[in-house]
Amino acid sequence: MGSNFTYRAVHGLPADGCNSPVTIDLKSDGHIHTRFCNHASGEMEDYVRAALAGNLESITFLEHLEADIRYAERTWLTDTDFDAFFQEGNRLRKKYQGALTINLGVEAGFNPQAVARLREMLARYPWDRVGISYHFFSDGKQHFNMVSRRPENMAGLAALGLDRVLSGYFAGLIQAVQEIDGQVLCHVDAVMRHYPHLSFNRSHWQQVERLLDLVAQKNMGLELNTSGFAIRGEPYPCQRIVAMAVRRNIRLIPGSDAHRPDQVGRYFDRLPEFLAPGNPAQ
Ligand SMILES: [Zn+2]
Ligand SMILES: [Zn+2]
């Protein structure tokens, strides 16, 4: 496989904006975690070695940052963790210079109740990339993790009403893209991925349109999060959203969301087929 895969987008769409080839870089993994976040395993260097073994040319560590989340466990980094993350990341950059480009970034989890705090935390470090996500939904008293399959999260969100949570999720991302200076929007439709019967209604799709308009306006990229292949046979987001992004000339950035070193670059070999015109899934 070459370092770039060029595909002509996208089957079955109106012609506007769809006729120029779109390029994604399959030699670059844009979303990698480490043991620093408390729910991944492996040192940063283990991920670097895995990337080299997989013939990648660049990786971006995109570690979890959350602001003022009330949750039973901490699944994000503290300031002390981020200090160590930068120290080790900079050491690895030097050590592997010429062999692998290593970017040090952050996956900023949005919290509509803590925007100023999140901005202030983001301003403290020289990130190579800021990814925007939205993981934790609040009922006013506590937070529920929208990407978790744990019963307490699923029951809590179901009690709030899934349509309402989804609307709030997209509204939050729309606000996040406007108010946080990010470069990539992460795993857009991974939210509530463990509810197989959940579908977006018309108003959710309108929110997705608005969100992608803003992503394009801000010149942000859209992540193709390949962890989705393991769960539903396609990345996050789905074909329909990818097609909407391509129509807006939004750049697509592959990311494995690795939480173990052996997940670096996972399923990247499936992206060409996923993106190829004529894919029956489209
Ligand atoms: Zn994680
Ligand atoms: Zn995430």
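Analyst: What follows is a short tour by question and answer.
Analyst: This is a predicted model, in which local features need pLDDT of at least 70 and side-chain atom pairs count only at pLDDT 80 or more, while totals for chains, interfaces and linings use all residues. Residues are numbered from 1 along each chain as its sequence is written, and chains are lettered from A and ligands numbered from 1 in the order in which they are written.

User: OK, what is the strand order in the open sheet?
Analyst: The seven strands come in the order E3-E4-E5-E6-E9-E10-E11, and the pairing is parallel; two strands pair if DSSP finds at least two bridges between them. Helices (H or I, at least four residues) and strands (E, at least two) are DSSP runs, numbered from the N terminus.

User: And which strands stand at the edges?
Analyst: Those are E3 (28-32) and E11 (252-255), each of which has a single partner strand, so one side of each lacks a neighbour in the sheet. Helix H2 (residues 79-95) packs on the sheet, where H2 touches E4 (58-65) and E5 (101-109), and the direction of H2 makes about 155 degrees with that of E5. Contact here requires C-beta atoms, placed from the backbone, within 7 Å, and the angles run from 0 to 180 degrees between N-to-C directions, with axes fitted to C-alpha atoms, for helices over the stretch in contact.

User: How is E10 joined to E11?
Analyst: Strand E10 (residues 221-225) runs parallel to E11 and is joined to E11 by four bridges, with Glu223 opposite Ile253.

User: How many residues of E10 are buried?
Analyst: Five of the five are buried, so E10 is largely enclosed by the rest of the structure. One side carries Gly221, Glu223 and Asn225 and the other Leu222 and Leu224. A residue is buried if 20 or more other C-beta atoms, placed from the backbone, lie within 10 Å of its own, exposed if 12 or fewer, and partly exposed in between.

User: What about E9, how does the chain cross from there to E10?
Analyst: Strand E9 (residues 184-185) is joined to E10 by two bridges in a parallel arrangement. The chain crosses through helix H6 (residues 202-217), and this β-α-β crossover is right-handed, that is, clockwise from the first strand over the helix to the second when the strands point away from the viewer.

User: Switching to helices, at what angle do H4 and H5 pack?
Analyst: Helix H4 (residues 151-160) and helix H5 (residues 162-179) pack at about 95 degrees with axes 6 Å apart, and they are therefore roughly perpendicular, a label for angles of 65 to 115 degrees. Leu157, Ala158 and Leu160 of H4 meet Leu162, Arg164 and Val165 of H5.

User: Now the backbone: where is the cis peptide bond?
Analyst: The cis bond joins Tyr236 and Pro237, with omega about 5 degrees, and Pro237 lies in the loop between helix H7 (228-232) and H8.

Technical notes. Contact = placed C-beta atoms within 7 Å. Parallel < 35°, antiparallel > 145°, perpendicular 65-115°, else oblique.
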